[in-house]
Amino acid sequence: MSPRFRLRPGRRDTLGLIGATILLLAAGCALLAPWIAPHDPTAVSLLARMKPPMWIDGGSLAHPLGTDNLGRDILSRVIWGSRISLAVGVAAVIVGASIGSTIGIVAGYFGGWIDNILSVVINAQLSFPFILLAIFLLATFGGGFWPVVFVLALGAWVNYARVVRGMVMSVKNQDYVHAAISVGVPTARILRTTVLPNTLSPIVVVASFSMAQAILAEAALSFLGVGVDGSNPSWGVMLNDGRAYLQTAWWLTAMPGLAIALTVLGGNLCGDWLQDRFNPRIGN
Amino acid sequence: MFRKTSSRLARQLMLSSAVALTMAAALPAPTWAQDNETITIASANDVISLDPHMLNSNHPTGSVIWSIFDSLVRRAPDGTPEPRLATSWERMDDVTWRFHLREGVTFTNGEPFNAEAVKVNFERMNTAPFSTYQQLHDQTGLKEVNVIDDYTIDLVTEAPTVNMLYWLAEAFISAPKYMTESAPDKVANEPVGSGPYKLESWQRDDRLTLTVNEDYWGEAPDAETVVFRVVPETSSRLNELRAGTADIAVDITPDIAGQADSDISSAVYVEGLRKMHMGINLNGEQPALKDPKVRQALNHAVDVDTIITALLDGKTVPIPSIVNPPNNNPDLKRFEYDPEKARALLAEAGYPDGFPLTIQYSTRYAGGKEVSEVVASYLSEVGIQPTVEAVELGQFREMLANTSTKGIYFMGWAALINPSVELVILTCGHVDNSSGYCNEEYDALVKKASQTLDDAERKKLEFQAQEIVWNDAPWLYLWRLPVVFGKANNITYDLRADNYVEPYLMIVE
């Protein structure tokens, strides 16, 4: 092996570690928000509005990332905002993965007409512009935490279903599965003990990618005004609020934007890394 | 596809903000705007209906109706009536007004304007559904329209009224035959009037184009074409103004008004008349609001002066009464910012721990979200548990009309100087009384005042009415809406405080 190839896994690991660190930091912020945020994220202080970040003239240590158009501390809002973003991301992944994997296993294992029908459903879903569907559903039925999670899961389940279906189709022809069938092990038990464990690694890989995408989509939906309740500080809502001041106070949008970008980057780095670990051949 | 689509959206969002930035910085003013004498007016909302008898907001619906139709009298920016389709008028006795009408006026479909046309229009206004919008009959007590000859008409009211000319300024006249013989949605979409402009096209939620009426009886307007465009974002309206793609930008908030200033445009401040308030719905989800003490507590809880300094750039003043100066009762005492007193009043009313309260706002007034969030923050300091909720504009209007807002709501009323009209808004069951306030003593005073022709006596009654309603506090009193427009420097026009925009009076250089 050339030195290049020896270096590669090392660099991948480093990037993966960086991604994991970012995600852990974000998760830490979300869990510890009440203790680490310096201010109440909704406390208005009209006389201290539009204060720039501390490293710019006029900024102060009291508001390290500055204040917004109503004098609310941006650092505190970004920290509290991580709660909504991550909660939505994790919940969307869990719901999406459960639905998608179940459908994928059923379609892949039983094949035949069941597979045909489910494949049509998967393809129909794939051909639908997701963001349009999301805006339509949320505008019609109203936003909020669970509606957003549901809509994001609705967009994500096909990814799981496709990957899991492919995986199951190759696993079910393995000798140990045939062996289990021939000694009369019940189908449910075969699925649980032999098929499901084999699909876990691709599910984890898809999950880490799709969590990053769910966070991004939540921000986009909140930005468009159909996301989680607008009175909570969420990153997308902050972006939307700050948009009118883009030219006079860039930090209103830059800070939540940076938070979104970093978290999504963390998720993607982690995803790449996991993909390499579980399946080095696909990784390249 | 989930990944792809959402990241593409994110890219587009970034792109569009980059484009907006570049546009603002780099685009030169296109010259066609001047060559063809087109005036483009950018507003936050679209026109609702072009049926002249369904006029329910000053801008942009009102501005377009004022451009297409004529009323008997025009209301000047300071509230005084001027001749329009009526050339002169006089009082025959306490209850009879005689109007002399302009001769030689035709509607754009060829129908002639005469006394009969006025009668037909006034009769239509008094039938459903128009009678819920048009207040000519309700507010003046108009009971008879008598055609004397082709160009003379008498209006007879039930009792003496001081409001006839005010309401006539908003009673627009359309071609009578067309109006009565066409389907309602045709009338609402294809207006036929006698005003300086006529409708060329209307793409809903995008743009409405007016072109000059060649047969207009008055002085021909300077611009041949007027385009009313819908640009919901305040910052986008300002970007367009600076780029030269819009000549007038309406609904600008003071805190970003500075962005209107450029080589070719500037911000114009007009002393506002509209009384902004958080309406307090007595019939909403929160029964505590029925108690006047609670409503007074809300007023004491919010620091209006600080909000004006910080959020409105100090560009306005708190409202002194529900009636605009100079007709306000000077003895009314403002509700000073006093959280302790607010808490005490809440405790006295039986709510020492506050109560949940929904604050609703719409896109009707720029900055509604900020104001609602700030008020929420002040209210939570005296123990109330507020929730801020955005409501879509159409739904918001419906809620106001049905008195079905949840708790308190951000609103502004009566950008005018006419105490009688300003007071009537809060009488029991009035179409604009969205707070459900109802006080018979107040109603009696307002009615009596509007029928009193003696100035001193009327003023006394109006002062009494003002005092009653002020202390009953059906509103959380805020400020007079600072009216800020962005205007291209090559247009000469005095913008009005009541937000009506009259493109036919604009001079383009």
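Chain B averages a pLDDT of 89, and 93% of its residues score at least 70, where pLDDT is the predictor's confidence in each residue, from 0 to 100. This is a predicted model, in which local features need pLDDT of at least 70, side-chain atom pairs count only at pLDDT 80 or more, and totals for chains, interfaces and linings use all residues. Residues are numbered from 1 along each chain as its sequence is written, while chains are lettered from A and ligands numbered from 1 in the order in which they are written.

Over residues 1-35 of chain B, pLDDT stays under 50. Where pLDDT is low, the predicted coordinates should not be read in detail. For the complex, the predictor gives an ipTM of 0.71 and a pTM of 0.74.

Let me turn to the domains of chain B. The assignment, which is automatic or from a database, gives domain 1 (31-47 + 195-271 + 483-508), domain 2 (70-182) and domain 3 (273-480). Taken over C-alpha atoms, the centres of domain 1 and domain 3 of chain B are 32 Å apart. Their contact takes 13 residues from domain 1 and 11 residues from domain 3, two residues being in contact if their C-beta atoms, placed from the backbone, lie within 7 Å.

Next comes a sheet in chain B. It is open, with 7 strands in the order β10-β11-β12-β1-β13-β20-β14 and mixed pairing; strands (E, at least two residues) and helices (H or I, at least four) are DSSP runs numbered from the N terminus, and two strands pair if DSSP finds at least two bridges between them. Because β10 (197-203) and β14 (265-270) of chain B stand at the edges, each with a single partner strand, one side of each is left without a neighbour in the sheet. Strands β13 (residues 248-252) and β20 (residues 483-488) of chain B run antiparallel and are joined by 3 bridges, and B:Ile252 stands opposite B:Val484 in β20(B). Helix α9 (residues 234-243) of chain B packs on the sheet, touching β1, β13, β14 and β20 of chain B, and its direction makes about 155° with that of β13(B); axes here are lines fitted to C-alpha atoms, for helices over the stretch in contact, and angles run from 0 to 180 degrees between N-to-C directions.

Finally, chain A. The axes of helix α2 (residues 74-110) and helix α9 (residues 251-278) of chain A come within 10 Å and cross at roughly 40°. Among the residues that meet there are A:Gly81 and A:Ser85 in α2(A), and A:Trp251 and A:Ala259 in α9(A).
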